[in-house]
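Keep the sequence and the 3D view open side by side. The tour below starts with confidence, moves to the ligand, then to helix packing, and ends with backbone details.

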Amino acid sequence: MCDSRLSHCGFEFILSHEKVTKLCDNGVIMALLPYPLAREILFEMDAERAHDLAMNLLARLQNTPMQCLWSTPRVDDPVRVAGVQFPNRLGLAAGLDKNGRCIDGLGAMGFGFIEVGTVTPKAQPGNPKPRIFRLPAKRALINRLGFNNEGLEAFLNHVKRAHSFRASGGVVGLNIGKNAATPIERATDDYLAGLDAVYPHADYVTVNISSPNTQNLRTLQSDAALDGLLSALHERHLSLQAAHDRQVPLFLKIAPDLNEAQIDMIAKALLRHGMSGVIASNTTVSREAVQGLPHADEAGGLSGWPVFEKSNDVIRSLRSTLGPNFPIIGVGGVLSAQDAVEKIRCGADLVQIYTGLIYRGPRLISEAAQALAQDRSASQRP
Ligand SMILES: Cc1cc2nc3c(=O)[nH]c(=O)nc-3n(C[C@H](O)[C@H](O)[C@H](O)COP(=O)(O)O)c2cc1C
């Protein structure tokens, strides 16, 4: 691997691969670096290794005095959506913290809400590595992780241990999926097991049927399959509400690769089965926007800039079918504060980010949350 040229405060450093690796192994040094510099080092590594290093660091340093290295005051822009009070409208999308290990550390970056998972009933390793690829020319990622996670029991132990984010009013969403080994005809069993287990610990629950990396999962978005799944979930949702004497909203997360008729069918099913809200969208299987780029032909879901307009189209269609009051979380390709505002303009009530955080760093969180707050106060002015 070639040397890394890093510019910082007007000085230029040339670091050998060996030095880069040493710097990275000392996680605390990484936490001290400004994000553009840390990113250059992280981008020298395999994407999943960089992810694991950052998450291990957060898990180790969260809720210690070291957390001040990345803590940022949260933008105060409270909003009530699906009966839940959110401190602001900017959240972390599912998949970055699959096991719910870093809720407090991530929450300290200024998010109003953090969604963790996708968790499956049993632990599973996911697909063979490498399985995350960067496409920096389009500020995009392709991943085919395949719901690698430690399973429900470990997940809930982590979630229960998180305390500081929630104590400060932060909202935690728990995202559930199905095991790869469970036949698609039995998918409902996995979702019901997930819902039963996470319900008492969630501020909201997301039912993820839109990952392209679990065989046939997206077929659950089609008419009869969706009807069966949502009616079973609705029934269980009602009994859980009664049993726990607590109303936890249930969101459905959908793909961006849907035509108008499919979106219309899903919207009607959401209303018919009393779902609380919808998250649009997951990653895309389209490669139109990245053709010819290195890694463009890797299998998996594409996220970041190329999914921005696609997910906006889905949000607009959902809003027009669902009416003004049905809760929508907009996600996909938010890389700037203006992109976050655009999601709201398309009809979203709340906004999530994932790939933008990788390319722009934690600064995007407060910038976007601030822009959303300003946009709201501007639109409320007479
Ligand atoms: C590496 C990676 C892993 C992901 N894992 C999950 C997941 O486990 N569950 C889920 O619902 N979405 C998952 N997503 C999708 C994101 O939550 C988000 O919907 C999508 O990436 C679009 O947003 P973005 O362009 O801001 O990344 C993942 C995305 C990436 C990039």
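The mean pLDDT of the chain is 93, and 92% of its residues reach 70 or more. Here pLDDT is the predictor's confidence in each residue, from 0 to 100. Over residues 7-11 the pLDDT falls below 50. That stretch has 3 contacts in the model beyond near neighbours in sequence. Two residues are in contact if their C-beta atoms, placed from the backbone, lie within 7 Å. This is a predicted model, in which local features need pLDDT of at least 70, side-chain atom pairs count only at pLDDT 80 or more, and totals for chains, interfaces and linings use all residues. Residues are numbered from 1 along each chain as its sequence is written.

Go to the ligand next. Which residues come nearest to the ligand? Of the 27 residues around it, these are Ala93, Gly95, Ser303, Tyr354 and Thr355. Strand E8 (140-143), strand E13 (301-304) and helix H13 (355-360) are the elements that give two or more residues to this shell. A residue is near a molecule or strand if its C-beta atom, placed from the backbone, lies within 6 Å of it. Helices (H or I, at least four residues) and strands (E, at least two) are DSSP runs, numbered from the N terminus. The shell divides into 11 nonpolar, 14 polar and 2 charged residues. Ala, Val, Leu, Ile, Met, Phe, Trp, Tyr, Cys and Pro count as nonpolar, Asp, Glu, Lys and Arg as charged, and the others, Gly among them, as polar.

Now the helices. Two packed helices are described by the angle between their axes and the distance between the axes. Axes are lines fitted to C-alpha atoms, for helices over the stretch in contact, and angles run from 0 to 180 degrees between N-to-C directions. Angles under 35 degrees count as roughly parallel, over 145 as roughly antiparallel, 65 to 115 as roughly perpendicular and the rest as oblique.

Take helix H8 (residues 187-198) and helix H9 (residues 223-244). Their axes come within 10 Å and cross at roughly 25°. H8 and H9 are therefore roughly parallel to each other. H8 contributes Ala187, Thr188, Tyr191, Leu192 and Leu195 to the contact; H9 contributes Gly228, Leu229, Ala232, Leu233, Arg236 and Leu240. These residues divide into 8 nonpolar, 2 polar and 1 charged.

H9 also packs with helix H10 (residues 260-272), at an angle of about 20° and with the axes 10 Å apart. H9 and H10 are therefore roughly parallel to each other. Asp223, Leu226, Asp227 and Leu230 of H9 make the contact with Met265, Ile266 and Ala269 of H10. The residues here are 5 nonpolar, no polar and 2 charged.

Helix H12 (residues 337-346) packs with helix H14 (residues 363-380) at about 45°, with their axes 8 Å apart. H12 and H14 are therefore oblique to each other. Ala337, Gln338, Ala340, Val341 and Ile344 in H12 meet Glu367, Ala368, Gln370, Ala371, Leu372 and Asp375 in H14. This contact holds 7 nonpolar, 2 polar and 2 charged residues.

Finish with the backbone. Most residues other than glycine have a negative phi, and most peptide bonds are trans. Lys129 and Pro130 are joined by a cis peptide bond, with omega about -5°. Pro130 sits in the loop between strand E6 (113-119) and strand E7 (132-135). Another cis peptide bond joins Ala280 and Ser281, with omega about 10°. Ser281 lies in the loop between strand E12 (277-280) and E13. Asn63 has a positive phi, near 60°, and is not a glycine. Look for Asn63 in the loop between helix H4 (47-61) and strand E3 (79-81).
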